[in-house]
Amino acid sequence: MTDETYTETVDEDRRDFIHIAAGAAVAGGAGALAWPFIAQMLPALDTRAASSLEVPITDIPEGGEIRVLIGGKPFFIRHRTAAEIAAAESVEAGDLPDPQTDEERLVARADGTLNPAILVVSGSCTHLGCVPVGPGSNTGEFGGWYCPCHGSHYDTSGRIRKGPAPTNLPVPTYEYNADGSAVTISL
Amino acid sequence: MSGHESTYKPGTGIEKWIDARLPIVRLVHDSFVGFPVAKNLNYWWTFGAILAVCLVTQIITGIVLAMHYVPHVDMAFASVERIMRDVEYGWLIRYIHANGASMFFLAVYIHMFRGLYYGSYKAPREISWILGVIIYLLMMGTAFMGYVLPWGQMSLHGASVITNLIGAIPLVGEQIKIWLQGAPSIGNATLNRFFSLHYLLPFMIAGVVILHIWAFHTTGNNNPTGVDVKDEKKDTVPFHPYYTVKDGFAIIVFLMIFAGFVFYAPNVLGHADNYIEGNPLKTPAHIVPEWYLLPFYAILRAITFDIGPIPAKLGGVIAMFGAIAVLFVLPWLDTSKVRSLRYRPLARQFFLGFVAVCLLLGVAGASNPDDIVIKTGEDTLRYEVSLEEAPEALAVAEAHHGKIVSSNSERVIVDFAHYEDAVEFAEASGTTAEATVKHHGLTWLPVAQLLTFLYFAYFLIIIPLLGLIERPKDEPESIADSIHKSNGSADAVAAE
């Protein structure tokens, strides 16, 4: 064979660069690939598309309510009696656990006027998400809704008055149609 | 899989051929046949093998159920009923699976309390213990998701309560919740992914179980004295046949109890509400998780007050996860050098107290926080009326033995001990307001709060302190020594 010896010169900087560049490419690639696998668990397009609903309000009897599910979430549309409206308006907002006046919990019609007869609220108790019971069953100590899970009482404006729930039943985003005969609720 | 020298001797040519290429027979032999085990293990040590049987049972019955179950909100409930009624032996397989979950947790709790009592979590077995806690966490996740699959009322609303907990995390909680649910609420997307993960997690458990066994086969099993093996000849016996037979006997007894539930009380551990199809518009009156999660549910609900900047709801979630997290650091919280509580008389008392606290937390979790534990007086009827409606209310109340609790210029609250008095009061004052029944006594809430405090105090105060102040009894010289002593002298037997 041959006596020739080979001397190898190692360029450390060059190797480091290749190591770091390769490592960064793998990490970046893994991260980029991970995102689709995380994002696939987000609500799908059809789920998101089904996130608003038009509800006619003319058929709701006075003192009654209808309950709808939008994207699986319950909402209450209540036709309040004059006494219920008066009860909701007479409360001093500052004394409440989550201060809000009744007016702040209503949305104006297309002509800018309020319709205190119709109250739209979320149907998930703000404590742990149970569905409160209402007219026809048990309206609790304040005439609105009562959550049977852990005893939260809501008034006729959907405001928390007693029990473990921390906040009022949220008012969803909704608007009246042109003639005021229906509301469109969106998540 | 063991730190111990291999005792496997391939006999035939085929065995030698395999052993040179894939020594799997050697691995099994060294792990479960020739593996030396302390000779003094008692029946509390059989729960490891019992748990292996539970896992295999759940996987086999689960695979079968998945052949018939339909993970869709419109069909899930009906498909489970079809399994119960129409699928050949479907009722049996489903009842084994459903009760198997309970038996699995029963066994794992005994296994964990055994580890606590005999100090199996201490050096050098910290990693075995931590892997065990990971298995326990995976079990809870698997059980929770499995409970959602039948899509009954308790499935749906239980899942809703638990996923809402995630919403308590500040800033990102709501987004994470929606991401987990795959929709604004629990729905078909949630059911699908829970089914997928419920199928996956048991195999992850099986993987961690292998690591768990590997870890304590490296350190060697703990034993009731907590004393290390000093002389393998004197202190140990091979796993087979000594412990295969002992474990086998325990498994048979355990399976008899298991069968008792499956055949005679298959629904006693479940909730009737879950035989009503899930309805997102109607919440069951009393949402409770399965029995094995009740202590944590009690801890969750015990935090009803804000802790500094942490709101009560988040505080409850932190306490609940903290109750499990504390188990991870237990090996470093214990300051005692003695492993087994046999030689720690003071620690033993506290341990028994801790077991009682855990059981009572379970009862608290099953109870409504406002229910009365200890009654201090008769129920009264409470009237709350405006004075404008009933100007003479005060006078009437006094006239009818009512007790005025408080009154201001507008409202008066009157408590009555007898229903008749309340009716008379209502008629006389001309009000129609309904009376509410008021109970008098100690409610579950403060009890659950005390128990929660004791649970954490055991790990964070008592265990660290005991090791410093307690004077333990003398440990035996060796495992063999402990056996000879207890066989040899009546005194030693009595002292056990």
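Author: Gladly, and one caution at the outset is that this is a predicted model. On the cysteines, the sulfur of B:Cys358 lies 20 Å from the closest cysteine sulfur, which belongs to B:Cys54, and that is too far for a bond, because a disulfide needs the two sulfur atoms within 2.5 Å.

Reader: How many disulfides are there over all chains, then?

Author: Zero, counted over all chains. B:Cys54 is accordingly in no disulfide.

Reader: Is B:Cys54 buried or exposed? And what about B:Cys358?

Author: B:Cys54 is buried, with a relative accessible area of 3%, and B:Cys358 also counts as buried, at 14% relative accessibility.

Reader: Moving on to packing, which residues touch the most other members of the largest nonpolar core?

Author: That core has 124 residues, and the ones touching the most other members are B:Phe105, B:Phe296, B:Tyr455 and B:Phe459. Apart from it there is another core, of 13 residues, which includes A:Val55 and A:Tyr174.

Reader: What does B:Phe296 touch, leaving out residues up to four places away in sequence?

Author: Its contacts on that count include B:Tyr109, B:Tyr136, B:Met140, B:Ile324 and B:Tyr455.

Reader: Now the interface: how much area is buried between chain B and chain A?

Author: About 2,000 Å², with carbon and sulfur atoms giving 63% of it. On the chain B side, B:Trp179, B:Pro184 and B:Leu281 lose the most area to chain A, and together they make up 31% of what that side buries. In terms of residues, 21 from chain B are in contact with 24 from chain A.

Reader: How many salt bridges and polar contacts are there between the two chains?

Author: The salt bridge count is zero, while six residue pairs are in polar contact across the interface, with both residues at pLDDT 80 or more. Of the side of chain B that touches chain A, H7(B) gives the most, with four residues.

Reader: What is phi at B:Trp151, and is the residue buried or exposed?

Author: Phi is positive there, about 55°, although B:Trp151 is not a glycine; the residue counts as buried, at 5% relative accessibility. B:Tyr89 likewise has a positive phi, near 60°, but B:Tyr89 counts as exposed, at 56% relative accessibility.

Terms used. Residues are numbered from 1 along each chain as its sequence is written. Chains are lettered from A and ligands numbered from 1 in the order in which they are written. This is a predicted model: local features need pLDDT of at least 70, side-chain atom pairs count only at pLDDT 80 or more; totals for chains, interfaces and linings use all residues. Side-chain values use heavy atoms; hydrogens and water are left out. Buried means under 20% relative accessible area, exposed over 50%, partly exposed in between (1.4 Å probe, protein chains only). A nonpolar core is a set of buried Ala, Val, Leu, Ile, Met, Phe, Trp, Tyr and Cys residues joined through side-chain atoms within 4.5 Å. Contact means heavy atoms within 4.5 Å. Buried area is the accessible area (1.4 Å probe) that two parts lose on being put together, summed over both. A salt bridge is a side-chain nitrogen of Lys or Arg within 4 Å of a carboxyl oxygen of Asp or Glu. A polar contact is a pair of N or O atoms within 3.5 Å; within protein, one must be able to donate a hydrogen and the other to accept it, and residues adjacent in sequence count only if both atoms are side-chain atoms. Helices (H or I, at least four residues) and strands (E, at least two) are DSSP runs, numbered from the N terminus.
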